[in-house]
Amino acid sequence: MSCILNIDTSTDVCSVAVSDNGLCVYQKEDHSGPNHAVKLGIYVDEALSYCDSRGMHLDAVAVSGGPGSYTGLRIGVSMAKGICYGRDAKLISVPTLELLCVPLLLGEKVEEGALMCPMLDARRMEVYAAIYDRSLRVVRPTAADIVEADTYKEWLDRGPVYFFGNGSGKCKETITHPNARFIDGVEPLARYIFPLAERRIAMEQYEDVAYYEPFYLKDFIAKTPKKLL
């Protein structure tokens with residue numbers, strides 16, 4: 001187990017958490033709006049002070065790597081990289097849509113054989129979404145979707161699919177398949193990052209601090225149809 005500073009700025013929520021030996025020991029969240037430029041530095045400083053005052057050696061910084069808010073991701077990743085340089089810590093990136101699945105798995109009884117479709121709002125009837133099974137295996141990779149009645153029919157015909165995240169609310173009237181399950185109030189927060197970060201530490205799956213960029217800023221935009229940007 002490791003001491004990890006966890007950062008999420010992928011949505012309007014700014015959140016920071018410290019995990020140590022597999023437990024969340026410190027957390028700070030701001031739900032008042034996109035205040036990352038103001039709040040994140042303060043929260044990170046308080047989190048690092050918490051670690052230092054208890055003699056906790058920081059092993060890694062884990063950051064939500066997108067997709068998500070363009071500005072928010074840039075702020076979060078820049079902060080994470082700076083800390084890694086200053087503290088000689090490893091950098092870990094966790095996909096935001098995978099992160100969204102963690103609170104659902106912890107708080108809801110996901111049906112046997114069900115799939116999970118986390119969604120981030122991309123305005124109008126567009127979302128960034130992926131599909132996972134209950135073991136967080138990727139069933140369909142992240143894509144920019146225009147949501148219509150049949151967009152997810154292939155998976156809904158197989159069994160229950162849970163839709164959640166800040167892009168799911170506007171889809172309720174469009175996706176009316178009987179196997180569709182909508183869960184409100186699920187957010188990607190820093191306190192849920194560490195189980196995914198611990199898995200990546202075990203696999204020695206780290207990012208290059210010098211060259212890492214969020215998924216949203218590079219690969220995702222390159223693969224997204226221009227009409228969705």
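**Exercise 1. Work out how β7 and β8 pair, and what joins them.**

Step 1. Look at the direction: β7 and β8 run antiparallel and are paired over six bridges. Strands here are DSSP runs of E with at least two residues, numbered from the N terminus, and two of them pair if DSSP finds at least two bridges between them.

Step 2. Follow the chain through the turn. Five residues separate β7 and β8 in this hairpin, and Leu136 in the turn has a positive phi of about 65 degrees.

A word on the source: this is a predicted model, in which local features need pLDDT of at least 70 and side-chain atom pairs count only at pLDDT 80 or more, while totals for chains, interfaces and linings use all residues. Residues are numbered from 1 along each chain as its sequence is written, and side-chain values use heavy atoms, with hydrogens and water left out.

**Exercise 2. Describe the lining of the second largest pocket.**

Step 1. Start with the volume, about 390 Å³. A volume is the space filled by probe spheres set on grid points, which are joined across faces, edges and corners. On a 1 Å grid over the protein atoms alone, a pocket is an open set of points where a 1.4 Å probe fits, with protein on both sides within 12 Å along at least five of seven lines; lining residues have an atom within 4 Å of a point.

Step 2. Find the centre: of the 22 lining residues, Gly65, Ser93, Pro95, Tyr212 and Phe215 are the closest to it.

Step 3. Assign the elements. β5, β7 (126-132) and β8 (138-146) each give two or more residues, and β8 provides the largest share, four residues.

**Exercise 3. Classify the aromatic pair of Phe163 and Phe182.**

Step 1. Count the aromatic pairs: the structure holds three. Rings of Phe, Tyr and Trp (its six-membered ring) pair if their centres lie within 6.5 Å; planes under 30 degrees apart count as stacked, over 60 as edge-to-face and the rest as tilted.

Step 2. Apply this to Phe163 and Phe182: with 5.3 Å centre to centre and 25 degrees between the planes, the pair is stacked.

Step 3. Locate both rings. Phe163 sits in β9 (residues 161-164) and Phe182 in β10 (residues 180-182), so the pair ties together parts 19 residues apart in sequence.
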